[in-house]
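Hi everyone, thanks for making time for this.

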Amino acid sequence: MEMRDLVALGDKLMDIDEAKFRQVVGLLEQMNDHPDIQRTIAVIRPRLVELRLSRRPTLKRLFCDPFEDLFEALGKADPVPLSVIERSLMNSLWPLVEAEIGKDRLRAYRPALQEGEERKTLCEAFWTECAGAVAKIAEGAVAGHFSEPLDLRMNPNRTRALADIAVILSIAPEVAELKAALSPKPVPKLHGDHIEAIQTIGRRLSRVRPDALKIFVLLAASRLTNPSVLLSGLWDMDLGQKSADRAALFMSLSSTVVAQIEDRSRAGQAAGGGDRMAVADLALDLVATLDATRAAMEQSRNKEFDHRLKQVRNSVHSMVKTQVLQDADAGIVSAIGALDGGGDVREGRAQLAQAENHARALRKCATIADSLGLRGELREMTQKTTASLTERAQKELAGPAGNARSGYTAIRMIELIAGPAEANKIMDGIMNGDRR
Amino acid sequence: MRSLTNFAPSTFEERGAAVAFTTPVLAQTRVRKDSRDQLEVLVPNLSEGRGVYVVPWKSLPLAFPMTVHDRMLHELIAKADGCSPDDIRKAVLEAARCGLAGGGAVAAAEAALSDDEEQRLLINYQLIVEALKAVGLESTEILRVGLTSAEGQKLTRDLMMKAAQRLALEPTELYGRIAELAVLMESIGLASSPKPARLRRLMRDLQGFRDSMTDWATDNVSEAAPIGGFCAEVAEHTVNHARNVIGQLDQAMASFETLLRQWETKRALIRKASSRLSWLLDGWEYLILLWNDALTQDRYSQDMAVHDIFRVIPLLPKDEGRADQSMMADKLISSHKRSVRAYVDWRSGQLDVDLVMRIETIKGKAA
């Protein structure tokens with residue numbers, strides 16, 4: 001197969017069967033670092049991650065090993081690292097690092113890719129050398145300017161990412177230890193031995209490289225299902241720092257966490273329309289993170305953070321209000337009308353599925369309505385919708401010329417919004433009334 | 001209360017038939033008749049503990065908060081005559097059709113019912129053809145004019161009269177035997193059928209499940225891997241038994257003339273084999289779909305799915321299997337224990353909306 005054909009396959013590769021997919025990945029691997037190949041790999045990366053294909057070990061992959069957890073998330077459900085490194089930055093960076101170290105010296109590190117006694121020592125030497133090279137490259141890249149060698153504009157995020165890479169590479173052995181302790185990724189809950197490992201490595205680090213402690217904690221956080229969980233455990237963790245340093249580290253981490261929540265709530269606001277269930281899920285997640293962050297920050301009352309968190313809460317409030325609560329009754333009740341025949345069956349079914357999602361979203365938001373100050377509005381909307389649905393069900397199920405399917409669907413919507421107990425009560429009411 | 005593994009049923013009837021409830025804690029629980037012929041339901045592993053709760057059917061809605069769909073299904077089963085897998089399936093399809101479990105379930109139930117109808121026609125036609133073939137009569141003419149046309153029906157009647165004469169039977173008797181056989185074989189179909197019937201398809205899917213689960217469990221370091229291996233093994237045993245039963249039926253069908261002549265003695269055998277097959281494969285459809293769905297998700301969800309499957313896996317009754325599967329399951333119990341994963345929202349005691357939605361989605365895929 002020609003390279004052109006392989007690349008032309010693009011996202012079709014996501015659908016082919018597994019055995020073929022593995023074969024194609026093998027072929028792509030052999031074709032080295034052509035930009036087209038890289039683009040194709042980028043397209044199929046989510047599937048690569050899902051299948052956990054063990055790809056051919058290369059020095060580039062070894063170079064990324066210590067900071068790979070900070071790469072941008074691929075799937076929607078994957079945890080977002082608190083401090084992101086773009087893959088494109090790494091792709092432009094690696095050739096520069098290669099040139100900086102030199103082909104001959106790199107060749108000497110090749111045995112590090114195979115299992116062997118000297119592997120650990122070689123890896124560590126390789127990372128140290130890379131750290132030096134990246135630090136040197138970072139010096140040349142000025143924030144706000146276009147970097148010729150990297151072929152990228154150096155925005156503040158990229159400048160920070162470059163500096164982070166250099167620091168992480170310089171503490172790579174500690175990072176490897178951390179990754180072994182916090183595995184497999186993502187870790188859903190922090191257990192005693194996890195905390196113990198973070199503390200032990202962290203204490204060692206704070207003696208020799210106190211400046212690397214923040215990025216180390218961020219790396220630890222990025223291996224968790226919910227990265228902000230680490231924040232609440234952090235205050236009680238003894239990382240061997242003076243209390244002033246600890247407060248400073250905590251502040252700087254809190255700021256990163258808060259900035260991430262702000263980003264996510266902004267993205268949620270901007271998305272609009274679409275899937276209401278996704279909005280409800282995001283709102284629930286944001287409120288949980290907000291609560292966790294607020295609880296973690298109890299120790300260090302800071303007005304600025306309080307203010308920022310309040311703003312996030314306001315934006316979640318308006319997101320739920322405009323995207324879940326608004327027009328819920330009209331949308332849900334009219335979808336049942338689609339069952340009465342006449343219209344396109346497939347369209348009717350899609351409309352119904354959308355209405356079901358809306359109903360579920362309403363119910364989901366009930367758990368956060370209190371903390372968002374939306375309790376009254378939500379209750380009003382739920383009652384209003386339930387009342388119209390009950391009326392509809394009554395008409396269809398008890399009336400002489402009713403459409404039973406529409407009636408049962410109305411009951412189902414009530415169940416999704418108000419729960420089975422309420423729906424059963426209404427259903428019993430209608431059926432018993434009918435019998436009388 | 002008895003432990004899951006002490007609870008080793010001797011017969012299929014004692015094991016009960018799986019009911020496709022959408023309430024998560026009740027999903028795929030089994031219903032059976034007690035000594036006084038009253039229905040009772042077996043709820044395994046409540047709150048992740050060991051054991052099976054036996055609840056009288058009437059008290060089920062009092063013991064567990066149920067979805068409206070499940071309340072309706074509960075009433076339909078109570079009204080039905082028996083609780084064999086076929087009776088339960090009928091009630092499940094009827095409940096799904098009214099729309100209380102969502103649009104997907106309605107479409108799936110309607111597809112299943114129309115498939116049943118199609119199979120009923122097909123098996124009737126095939127059995128008539130087999131009967132004619134058995135006595136050396138040509139049946140292609142019927143196919144040409146069409147079985148449902150007036151001409152076709154007349155032709156069929158004439159030919160069947162001849163066939164009855166050759167078999168030395170009353171024509172009504174021959175019709176009666178074929179009609180009875182069609183009812184018994186409806187869900188199984190003939191080996192030569194162009195479209196395999198439901199239980200044959202299910203057996204094929206179960207083989208796929210066994211292969212996929214074996215692949216998954218091999219070289220897997222997850223704690224759920226031995227459980228997955230066990231599930232694959234149970235599937236393997238079930239497939240072997242099912243293959244035997246289908247083999248017996250196919251053999252009986254192959255000597256069709258003998259079957260028709262000795263109907264009085266063979267009837268009991270066919271009836272037993274057909275009911276045994278539906279008992280053998282009972283409860284697997286949901287598990288196969290659940291697993292196929294899990295395969296498209298991440299590792300963690302796959303582990304969870306394996307635990308869910310293990311919780312309600314249809315173990316072969318003692319009288320059926322040579323190996324005592326309940327003994328083997330007992331050894332695995334320790335790795336099945338996990339942190340409590342509630343089926344209800346622990347803050348409100350209300351149903352977990354996401355879990356119900358997942359079960360309904362799977363219900364929508366069953367056809």
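This is a predicted model: local features need pLDDT of at least 70, side-chain atom pairs count only at pLDDT 80 or more; totals for chains, interfaces and linings use all residues.

**The sheet in chain B**

Okay, let's start with the strands of chain B: 4 of them make an open sheet, ordered S1-S2-S3-S4, with antiparallel pairing. At the edges you'll find strand S1 (17–18) and strand S4 (52–56) of chain B, and each of those pairs on one side only.

Now, how many bridges join strand S3 of chain B to S4(B)? There are 5, with strand S3 covering residues 39–44 and the two strands running antiparallel. If you want one pair to look for, take Leu42(B), whose bridge partner in S4(B) is Val54(B).

**Chain B as a whole**

Let's zoom out. Chain B has 16 helices as well as 4 strands. Of its 367 residues, 37% are buried. If you take the contacts in chain B with a separation of 6 or more, 64% are between residues 24 or more positions apart.

The domain assignment of chain B gives us domain 1 (1–101), domain 2 (111–186) and domain 3 (195–336). Going by C-alpha atoms, the centres of domain 1 and domain 2 of chain B are 38 Å apart.

**Where the chains touch**

So what does each chain bring to the contact? Chain A gives 20 residues and chain B gives 14 residues. On the side of chain A that touches chain B, the elements giving two or more residues are helix H17 (345–372), helix H19 (404–418) and helix H20 (420–435) of chain A. Sorted by class, that side of chain A has 9 nonpolar, 3 polar and 8 charged residues.

Next, the largest nonpolar core, which has 193 residues. Among those with the most contacts inside that core are Ile411(A), Cys365(A) and Cys231(B). Leaving aside residues up to four places away in sequence, what does Ile411(A) touch? In chain A, Ile411(A) touches Ala393(A), Ala423(A), Ile426(A) and Met427(A), and in chain B, Val68(B) and Leu100(B).

**One residue in a loop**

Last stop: Val142(A), which sits in the loop between helix H7 (119–140) and strand S1 (146–147) of chain A. Is Val142(A) buried or exposed? Val142(A) counts as exposed, because there are 10 C-beta neighbours inside 10 Å, and the cut-off for exposed is 12 or fewer. From the C-alpha atom of Val142(A) to that of Pro156(A), 14 residues apart along the chain, the separation is 9.3 Å.

Key:
Residues are numbered from 1 along each chain as its sequence is written. Chains are lettered from A and ligands numbered from 1 in the order in which they are written. A residue is buried if 20 or more other C-beta atoms lie within 10 Å of its own, exposed if 12 or fewer, and partly exposed in between; C-beta atoms are placed from the backbone. Two residues are in contact if their C-beta atoms, placed from the backbone, lie within 7 Å. Ala, Val, Leu, Ile, Met, Phe, Trp, Tyr, Cys and Pro count as nonpolar, Asp, Glu, Lys and Arg as charged, and the others, Gly among them, as polar. A nonpolar core is a set of buried Ala, Val, Leu, Ile, Met, Phe, Trp, Tyr and Cys residues joined through C-beta atoms within 7 Å. Domain bounds come from an automatic or database domain assignment. Two strands pair if DSSP finds at least two bridges between them.
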